[in-house]
Amino acid sequence: MALQVFHRTRILRSRIHSSWMTFALVFSLLLPVILGIGLYLKSASLLQEYSIWEILFSSKWKPLSGQFGMLPFIISSLWVTMIALLVAGPVCLLSAIHLTQYAKPIVLRIMHPVIDILAGIPSVIYGVWGVLVIVPFTADVIGPIFHKSITGYSILSGGIVLAVMIIPFILNILIEVFRTIPEELTEVTLSLGATRWMVVKHVLIKKAFPGIVSAFSLGLSRAFGETIAVLMVVGNVTHIPTGALQPGYPLPALIANNYGEMLSVPMYDSALMLAAFVLLVIVIMFNIVSRWMIHRLEKNI
Amino acid sequence: MSEHVKISVEDLNLYIGKQHILKDINTRIPENQITVILGPSGCGKTTLLKSMNRLTDLYSNVKVDGKILIDNEDILHTDTDITTIRKRMGLLSQRPYPLPMNIFNNVAYGLRISGRKNKAVLRKRVQHYLELVNLWEEVKDRLHDPASSLSIGQQQRLCLARGLSVDPDIILADEPTSALDPISSEVIERKFVDLKSQYTVVVVTHSLQQAKRIADYAIFMYLGEIIEQGPAADFFSNPTEELTRSYIKGLFN
Amino acid sequence: MNILKLRKAEELIFRIIMFLATTVIILALCMIIYSILHKGLPSVSWSMISQLPKGGFYFGKEGGILNAILGSVYLASGATLLAFVLGLPVSLYINIHLHKRKKLVNGIRFMLDVMWGIPSIVYGAFGFSVMLFFGMRSSLLAGMLTVTLFILPIMIRAIDEIVKTVPSGLLEATLSLGSTKSETAYRVYFRQCISGITTALLLSFGRAIGDAASVLFTTGYTDNLPTSLAKPTATLPLAIFFQLSSPIEEVKARAYASAVILTVIILIISIISRITSRKYQKNKIK
């Protein structure tokens, strides 16, 4: 009967849909594993020659003579991300408190699109902005303060550009975190005669502390993996930087800058894939820990 | 009881996690009558209703023991496709959930998934079911407006028409009038009375007045147990249990 | 009394600083957009957006950036479409089929959020090594696939955030009509969430069109229009990146013009998605 056939094809169609859905889900969840395995396999040939510690803690980067010490790049990465966090962290924290505790709703309505757009602007556009504004600013304003003549392509420039890039991420999470603190808690403290600011200082910050740390560390890991914008303003000189006004050469920039030539030098590609692998592992670990902390915070309140 | 039994629940126990929600439920719901399940909120009446078409499958940590027989088929332990079982029961929930489509398609949806595709047939059937719930006159000129543009009372009637469209023989209604204005409530109630000649109707309510108006058979639940059940006439005039008596007197709600 | 005054002063000072922090953020955005438009708008002309670069993108002083505009649109559309085909089923599945497995679903969401944090350069490096493994050259297809992976977690979570707001009463109502879960997913939930899904598509498209690090390895660059999936393709981010480092002013102008176009695309996307999330709600139940 026609109806029976209809019903059977209907059930069959549903089964096919369900199978595709299950496949898509499993594929999506395996993606980081696939990424990790792929990159690890590619970097295996280098790891057979040297131990991972030798590579990570040696400062000799001379691919042509087979030396792949990544310390200069790791130190550079640490410099730019730290500067980015030092700039973005306080700004975000203050602004998040302002927006959730003091500001009128209209300000929040303005800030939502601002945050969205900041988060949506591509990395390369931040790079152009860095080249146009931040690099000259570092060279012409910051340099002279320290009596140095510099080009402006420096760790400081990279850090400032990165700071602006991670502001929307950190701010978004902080606003969420402060929203999870129940209003009643604030009201109770207010009715004890405290001022709004005392509530913020004594209650809010303490309650939200794990969330604040997580937001910062998520911002940090975001900054750690940022490539193009930093690459455009940081100078890209292979050395271990000792000051913010020197040029640096962070890990992602290393990968991005050398893809063209890496095929001709033995093990060069292994080294770059290892760099990508290290980046992946660090970022995933940071993300897991900080997201877990936020998750716990939301559950406990 | 001489009537044919449509739904028979035997030793039903239901747990959510460690909570014992339904305790040793036994009842026989008569065909072509209106059965009303009464009780204060939280007594498990909605859960009992939803276990009848196995919507309890949707929630985590639910464990069900016992039997629910519909026309002597145990729907908890069966190979029959669950969609076929559910199609035999139209559900009307506390507040209307129209599908995100226009008015016409809300009713046609159920017909389409049952394999009726012919346009003229669809149109006729849709009109038929909309007339059945007294909605046709109100919406016949705006069949292509979104269903969400209707008033809540109209939406609930639309949902009833939608539920009837898949040709069920049971109607499960979960406090179907609690979100409605008195006039729409009355329309729904009257519809139930009209429909009972063709359908078996099970209504969960916490309105005693409503229960008195429409019930043929009444079940009173309290804290997950059936305290008392029986034909409505006896149940309301002459309850045997102390708890039922005080509930009917309106001593608690 | 003095302490009270001190407290008031402290609060006032902090309120001023906090207000300044918010202002700085708004100003930063304005400054970015201003500097890009200020530098780039003079270079934007009809010939800029309608012509190919002449004499090589890095040295030629003539021509425009049509290759990069079209390349980016192709690449981002393809990747968004692929990610949608993979991502939509996942979002629907975890909210409908896995409706009762709350813990599992939260675990999945957690994983996806973590994946959202993986930098695009890692996807780029991975895409590149897979490409070499299969003996492919850098091409539109390779770039598209890499970008698909990169935006997949974003797509899934963006749709999921919408789908999970659907009341379970709608699920119950639809299943009671005898629908299968898949029918519920595509016929009812999809419609119910259509505006949110549009926004998710736009968001993903914006990510796809703006990212440079993932296509740097995989799509290559060319002066020509994209004619085949197997050929290298120019993209806007790389048009900016490569041409900005040129010593020739006319070439740099192409970079600035590309930056304007990319910025405008991102701005338009964010405006449209603000509007769509308000409109298209007429069929939605609240």
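Mentor: We shall begin with a definition: a salt bridge is a side-chain nitrogen of Lys or Arg within 4 Å of a carboxyl oxygen of Asp or Glu. Please keep in mind that this is a predicted model.

Trainee: How many salt bridges does the rule find across the interface of chain C and chain A?

Mentor: For salt bridges, the number found is three.

Trainee: Which helix of chain C gives the largest share of the side that touches chain A?

Mentor: The contact takes 75 residues from chain C and 77 from chain A. On the chain C side, 19 residues come from one helix, spanning residues 2-40, and this is the largest share. That element is helix H1 of chain C.

Trainee: How many residues of chain B are in contact with chain C?

Mentor: The area buried between chain C and chain B is about 2,600 Å², and carbon and sulfur atoms give 61% of it. Chain C brings 29 residues to this contact. The number from chain B is 26.

Trainee: Which residue of chain C forms a salt bridge with B:Lys50?

Mentor: The count between chain C and chain B is one salt bridge. In the pair that includes B:Lys50, the closest N and O atoms are 3.1 Å apart. The residue of chain C is C:Glu172.

Trainee: Which helix of chain C gives the most to the side that touches chain B?

Mentor: Two helices, H7 (168-176) and H8 (181-192), each supply at least two residues of this side. By class, the side holds eight nonpolar, 11 polar and 10 charged residues. With nine residues, the helix that gives the most is H7 of chain C.

Trainee: How many helices does chain C have?

Mentor: From the N terminus on, the elements of chain C run α-α-β-β-α-α-α-α-α-α-α-α-α-α. Two strands belong to its secondary structure. The helices come to 12.

Trainee: What percentage of the residues of chain C count as buried?

Mentor: A residue counts as buried under 20% relative accessible area. Chain C has 286 residues, and it exposes about 11,800 Å². The buried percentage is 59%.

Trainee: Are B:Glu175 and B:Lys45 buried or exposed?

Mentor: These two residues form a salt bridge, with the closest N and O atoms 3.7 Å apart. The pair links distant parts of the chain, 130 residues apart: B:Glu175 lies in the loop between strand E7 and helix H7 of chain B, and B:Lys45 in helix H1 of chain B. Both residues are buried.

Trainee: Why does B:Asp169 count as partly exposed?

Mentor: B:Asp169 forms a salt bridge with B:Arg88, the closest N and O atoms being 3.9 Å apart. Buried requires under 20% relative accessible area and exposed over 50%, with partly exposed in between. B:Asp169 is therefore placed in the partly exposed class by its relative accessibility of 25%.

Trainee: To which helix of chain A does A:His202 belong?

Mentor: A:His202 counts as partly exposed, at 43% relative accessibility. From A:Val161 it is 41 residues apart in sequence and 33 Å apart in space, C-alpha to C-alpha. A:His202 lies in the helix of residues 196-225, which is H8 of chain A.

Conventions. Residues numbered from 1 in each chain as written. Chains lettered and ligands numbered in written order. Predicted model: local features only at pLDDT ≥ 70, side-chain atom pairs only at ≥ 80, totals over all residues. Heavy atoms only, no water. Contact = heavy atoms within 4.5 Å. Helix = DSSP H or I, 4+ residues; strand = E, 2+ residues; numbered from the N terminus. Buried < 20%, exposed > 50% of the residue type's maximum accessible area, 1.4 Å probe, protein only. Areas by Shrake-Rupley, 256 points an atom, 1.4 Å probe, with all protein chains shown as cover. Buried area = accessible area lost by both parts, 1.4 Å probe. Nonpolar A, V, L, I, M, F, W, Y, C, P; charged D, E, K, R; others polar.
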